[in-house]
Amino acid sequence: MASQLKVTVPFVSFFLLYLVAWANAAGECGRTPINSAATSLSPCLGAASNVRAKVTPACCTKVNALIKSAPRCLCAVLLSPLAKNAGIKPAIAITIPKRCNIRSRPAGKKCGRYTVP
């Protein structure tokens with residue numbers, strides 16, 4: 001019984017680590033780590049913290065690509081600790097797709113306690 005337990009514990013530990021890694025790899029941003037997705041939106045920093053700031057074409061291009069490839073990823077990025085640490089205000093950042101005139105934006109969808117305009 002003891003030898004069976006010795007074999008089972010490492011296997012279970014390995015299996016749990018595999019599941020955690022797989023879940024992280026297939027998150028809201030697909031196989032892209034959320035920090036990488038957030039970093040790709042760096043052209044949006046000004047517009048994400050100030051509603052009066054001009055949204056740059058580079059920002060609109062990045063946001064549009066993210067919405068097309070992984071629409072839930074944008075919400076995950078906006079609500080991430082990294083975004084909070086960067087000074088991003090989710091209530092303002094969530095308006096960027098509309099400010100970019102992105103027609104395929106998920107208008108009316110919830111992102112945490114915010115609704116996409």
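Among contacts in the chain (heavy atoms within 4.5 Å) between residues at least 6 apart in sequence, 56% join residues at least 24 apart. This is a predicted model, where local features need pLDDT of at least 70 and side-chain atom pairs count only at pLDDT 80 or more, while totals for chains, interfaces and linings use all residues. Residues are numbered from 1 along each chain as its sequence is written, and side-chain values use heavy atoms, with hydrogens and water left out.

**Overall make-up**

- The chain has 8 helices and 2 strands. Both are DSSP runs numbered from the N terminus: helices are H or I of at least four residues, strands are E of at least two.
- Along the sequence the pattern reads α-α-α-α-α-α-α-α-β-β.
- The chain has 117 residues, and 29% of them count as buried. Buried means under 20% relative accessible area, exposed means over 50%, and partly exposed lies in between, with a 1.4 Å probe and protein chains only.

**The disulfides**

- A disulfide is a covalent bond between the sulfur atoms of two cysteines. Here the cut-off is a pair of cysteine sulfur atoms within 2.5 Å.
- The structure holds 4 disulfides. With the bonded cysteines numbered in sequence order, the pairing is 1-5, 2-3, 4-7, 6-8.

**C29 with C73**

- The sulfur atoms of C29 and C73 are 1.9 Å apart in their disulfide. The link of C29 and C73 is right-handed, with 90° about the S-S bond.
- C29 sits in the loop between α1 (2-25) and α2 (34-40), and C73 in helix α5 (residues 71-78), so the pair ties together parts that are 44 residues apart in sequence.
- C29 and C73 are both buried. For C29 the relative accessible area is 9%.
- Not counting residues up to four places away in sequence, C29 touches I34, A37, A70, C73 and V77.
- C29 and V77 are 48 residues apart in sequence, yet 8.6 Å apart in space, C-alpha to C-alpha.

**C44 with C59**

- C44 and C59 are joined by a disulfide, S to S 2.0 Å. The torsion about their S-S bond is about 110°, so this disulfide is right-handed.
- C44 lies in the loop between α2 and α3 (45-49), and C59 in helix α4 (residues 57-69), so the pair ties together parts that are 15 residues apart in sequence.
- C44 counts as buried at 6% relative accessibility. C59 counts as buried at 0%.

**C75 with C111**

- C75 and C111 form a disulfide, S to S 2.2 Å. Their link is right-handed, with 105° about the S-S bond.
- C75 lies in helix α5 and C111 in strand β1 (residues 110-111), so the pair ties together parts that are 36 residues apart in sequence.
- C111 is buried, with a relative accessible area of 2%.

**Helix α5**

- α5 is mostly covered, with 6 of its 8 residues buried. They are C73, L74, C75, A76, V77 and L78.
- These buried residues pack against α2, α4, α6 (81-85), α7 (90-93), α8 (96-99) and β1.
- V77 is in contact with C29, I34, A37, A38, L41 and A83, leaving aside its neighbours within four places in sequence.

**Where α4 meets α5**

- The axes of α4 and α5 come within 4 Å and cross at roughly 120°. Axes are lines fitted to C-alpha atoms, for helices over the stretch in contact, and angles run from 0 to 180 degrees between N-to-C directions.
- α4 and α5 are therefore oblique to each other. Angles under 35 degrees count as roughly parallel, over 145 as roughly antiparallel, 65 to 115 as roughly perpendicular and the rest as oblique.
- From α4, V63, L66, I67 and S69 meet P71, C73 and L74 of α5. The residues of this contact divide into 6 nonpolar, 1 polar and no charged. Ala, Val, Leu, Ile, Met, Phe, Trp, Tyr, Cys and Pro count as nonpolar, Asp, Glu, Lys and Arg as charged, and the others, Gly among them, as polar.

**The nonpolar core**

- In soluble globular proteins, nonpolar side chains tend to be buried together.
- The largest nonpolar core has 29 residues. Such a core is a set of buried Ala, Val, Leu, Ile, Met, Phe, Trp, Tyr and Cys residues joined through side-chain atoms within 4.5 Å.
- The residues with the most contacts inside this core are L41, V55, V63, C73, L74, V77 and I96. α2, α3, α4 and α5 each supply at least two residues of the core.
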